[in-house]
Amino acid sequence: MAFPSIDFMMIIQLVIVLAGATILLVVDLFIPAGRKRITAVLALAITVAALVAGNYATTGTTLSAMIGFGAVSHAVNTLILAATALSILLASDALPKHGIERSETYVLMLLATGGMLLLSQGTSLATLFLGLELLSIALYVLTAIAFPDVASEEAGLKYLIVGSFGAGFLVFGIALTFGATGTLMLSEIAAKIPQNGIERGYFWVGVSMMLVGFGYKVSLVPFHMWTPDVYQGAPTPITAYMSVGSKVAGFIAIVSVLQVLGSELTTLRPVLMALSIASMLVGSIVAISQQSLKRMLAYSSISHAGFVMMAILNGTPASIEAAIFYLTAYTVTNLAAFAVLMVLENNDTDLTIGNLGGLWQRNPGLSAVMALALLSLAGVPPTAGFFAKFLVISTAWQNGIAWVAVAAAVSSAIGAFFYVRCLIQMLSGHSDVAPARIPVSTLIVVIAVSVAIVLGGLMPASVTAALALAQ
Amino acid sequence: MNQLGFPLVTLLIAVPFVAGLIVLLAPRHAYGLQRGIASIAAIANVVLAVIGLVSMAPVAGYQFVDSMAWFPAIGLKYAVGLDGINIWMVIIATLVMPLALFAARTQPHDRQRGFYALLMMLSASTIGAFVAIDLLLFYVFFELTLVPTAMLIAMYGVGERKAAAIKFFVYPFVGSIFLLVSIAGLVILTWQQTGVWSFDSVALAGALNSGAVTLDEQVTHLLFAGFFIAFAIKTPIWPFHTWMPQAQAATPDHGAVDIAGLLLKVGAFGFIRFALPFFPQSMSWAAPAVGILAIISIIYAGIVAFGQHDMKVLLSYATISHLGFVILGIFSQTVEGISGALLTMINSGLTTGALFVIVGILARNPGGRDPNSFGGVWASAPRFGTLALVVVFASIGVPGLNGFIGEFLSLQGAWLSPHLGFGYISGAVLGIVVSAAYLLRMFRTVFMGAVSATSPVAEASKSELAVLGVLVIAMVVIGLYPQLILQSMQPSITALVSGISQP
């Protein structure tokens, strides 16, 4: 049986990450128990190597056209790997603080990253499924990694059950789509649709089920119920990693699937608009009642997912670029917010809004970062989040769905309330807690993301250039 | 580089911003240095603004434009400039800063560094909002004014400062988001019809009025609605005003934040600068209804001011009442009306600023901000009382002082306007009577009658009298010779009105 030819330079990032993860697992056996930071450093090195290697990757498709690489994949991979690197840095400080630094954590993070890269580069439904499963299973274990903490185990189990449920939808949808079109290759499906060479009924049910499966991953309403519980229960560095990575990868997979539909996308648009509006509104409204910061950020991420969907459902290249910009802004902002939470957590891993009180007097620098993150989440200029919101609202106008933009405005308005509530709580109030110490790796991350948030707002062209997005 | 050879307008924004940063980074205990930097920056800014005023040529259109590409892919530019409409707003914006710093001299030293830094940032963002030509740049500065003010209220305020700060930020922010949607819509629809990406307000207004871009009437009204909501909340017009009294009740007693906050009239300015050139038909269509809201603002705010036990809240309602005249003037879409509106905004800055200084001086005494706890201040502080009386008269609109001209021109504009008319004048005039009532009542309660035993007030210090004296002189000068201000505005306003008048 002939082995399909593989252009390794095209999948170089995947190879580095996955092979690196496997080798790291073995190397880690020889690292003594108290020196697990070395594993973190090695994992970071692997991620950076993959980031750099992306510049040398060739474009096209390989592995019987199941994996591809192009400008969009390059940009998204850069974002994913940057997010992973920052998460590893954050985890290397936060995990030892709570006594849960297990080397498997970094290996699992690399494996999850490999899954994300597969989702971004996949050109076949089989690859997309593989990527999703790799990502999900690694995340299930990572969520529960803080055992014997019951909250963490419970979150992990919830994620496993709901995630498997969602993956089941995805698999069934893929099966139906295969039945309708006779192929798993996205490009071939796209070619067959205009030619009427498919069973319409099965096809639409299949695509819808696939969207449900991916919807679970990116926490669109009504597939979002797992998000607050899992975000709250998981260890905070894992929450941070999950919230950014799985969204970016999940949405790019959705983009790949939607691009297959071509002009038939208009049939699905009302449904996608409904998903988007529901996510934006439910996320904002329910977040108001949350006292736990992690839950609040979980609901905020649900509402942000709605914004990204509003851009993606249009299907034009400009709207996909706007969505990627939004995901970038969202990534750096979320990492900033979670980084601050990680510094503030000592014994209590579930901080409430009250815990933020008087932060301005304790740690002015840290509260400045949190203020920047909150303002960026709310969409206040001149932050990256503002420009991102502006770009997605513009795409709504460009594609004639301005009323969805009005729903987005309403969601932002509601959102402003709970973000500003946290901001004001930070500025006023008193606290007797001693100023928190910021470890070095976290400091690096915090500075990097703060710069990114401000740059994204003042010089958005620099962000698009960094991602090498074609303008 | 513009005609002057140096980026005057950018400096107007940059000087307070950089000064704010320097103050923030100054050593914690270098109180004199912090105050010195802030004062120098404030005075330098006044000088720059005056240079701008005297160098301006009496023509319509932007001068001293600083322009730089920002995000070329969507036609976004950093473009700022001065013209007849915003030059006096900028002058007032810069003049208000030394006044605010003067009022803030009673701020406790150990809490003054952040306070001065935030005041400077507020100044920078308000001036930026006044001078922005690019729509999105205006939006950025418009939003940015909320952040330092909310921080000032939350960190340095009194009373219910947390709730006031949240409401202060969220309520106008909600309106602004709809402005963002409208801006995006306007730019995208223009791009779809002309193929040009541009956020330049002059270019967009030109395209809309010349017919290069034709929009469905419904769409125009909806876009206007976004602009209206944002500016109506920010101005504020009744019934969107509730954030303001609550916020002003929570600001520090000395009144520095309120004085600086007078510049948040960017809302009313936004109507003149953007809503009017872009959507004249929608504004005509909305004028009758908005006129009624303005009349209600004038009268209702006046009546509510009557019953206030907090002088600061009384003044905030007085501001709302004055802004009702501004709105009437703007929606009249006549040269007189718009001139009157701008003049009233300038006057409001002067007189209400002076009133806040007076309240700040009074609030240092045991009586605090409650007018009923004072009495006979005129007897114990004669010079202070006299100056206060003149300021009160100016605020009411007594002829010979500045308030009268502004209100008169606004009402004249409303009368001459084809969209408003005589009926609105009667409502507004009633409002003038009401404002006389509550202001004179406050004056009588505080300054006249028997000297209060619980809260005697000594004569104001020489510096306080000097500052009030300068303000009073300005009020008298403008009142007797308003042409001083009006002549620089005339060309731009005439061009604006003729550009939007229906054929």
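In this predicted model, 62% of the 503 residues of chain B count as buried. The secondary structure of chain B consists of 21 helices and two strands. Its radius of gyration is 22 Å, close to the 23 Å that the globule rule gives for 503 residues, so chain B is as compact as a globular protein of that length. The C-alpha trace of chain B spans about 70 × 55 × 40 Å along its principal axes. Among contacts in chain B with a separation of 6 or more, 81% join residues 24 or more positions apart.

Chain B also touches chain A: 25 residues of chain B are in contact with 25 residues of chain A. On the chain B side, the elements that give two or more residues are α5, α6 and α7, with the most, 15 residues, coming from α7(B). This side comprises 21 nonpolar residues, one polar and three charged.

Helix α17 of chain B (residues 382–396) has 15 residues, which at 1.5 Å a residue should span 21 Å; the end C-alpha atoms are 21 Å apart, in agreement. α17(B) is mostly covered, with eleven of its 15 residues buried. Among the buried residues are Phe384(B), Leu387(B), Val391(B) and Ile396(B). The elements of chain B that cover the buried residues of α17(B) include those tabulated here.

| Covering helix | Residue range |
|---|---|
| α14(B) | residues 311–331 |
| α15(B) | residues 335–363 |
| α16(B) | residues 377–380 |
| α18(B) | residues 402–416 |
| α19(B) | residues 422–447 |
| α20(B) | residues 462–480 |

After α17(B) comes Gly397(B), which has a positive phi near 110°.

Note on methods
Residues are numbered from 1 along each chain as its sequence is written. Chains are lettered from A and ligands numbered from 1 in the order in which they are written. This is a predicted model: local features need pLDDT of at least 70, side-chain atom pairs count only at pLDDT 80 or more; totals for chains, interfaces and linings use all residues. Two residues are in contact if their C-beta atoms, placed from the backbone, lie within 7 Å. Helices (H or I, at least four residues) and strands (E, at least two) are DSSP runs, numbered from the N terminus. Ala, Val, Leu, Ile, Met, Phe, Trp, Tyr, Cys and Pro count as nonpolar, Asp, Glu, Lys and Arg as charged, and the others, Gly among them, as polar. The radius of gyration is taken over C-alpha atoms; the globule rule is 2.2 Å times the number of residues to the power 0.38. A residue is buried if 20 or more other C-beta atoms lie within 10 Å of its own, exposed if 12 or fewer, and partly exposed in between; C-beta atoms are placed from the backbone. The expected span of a helix is 1.5 Å times one less than its number of residues.
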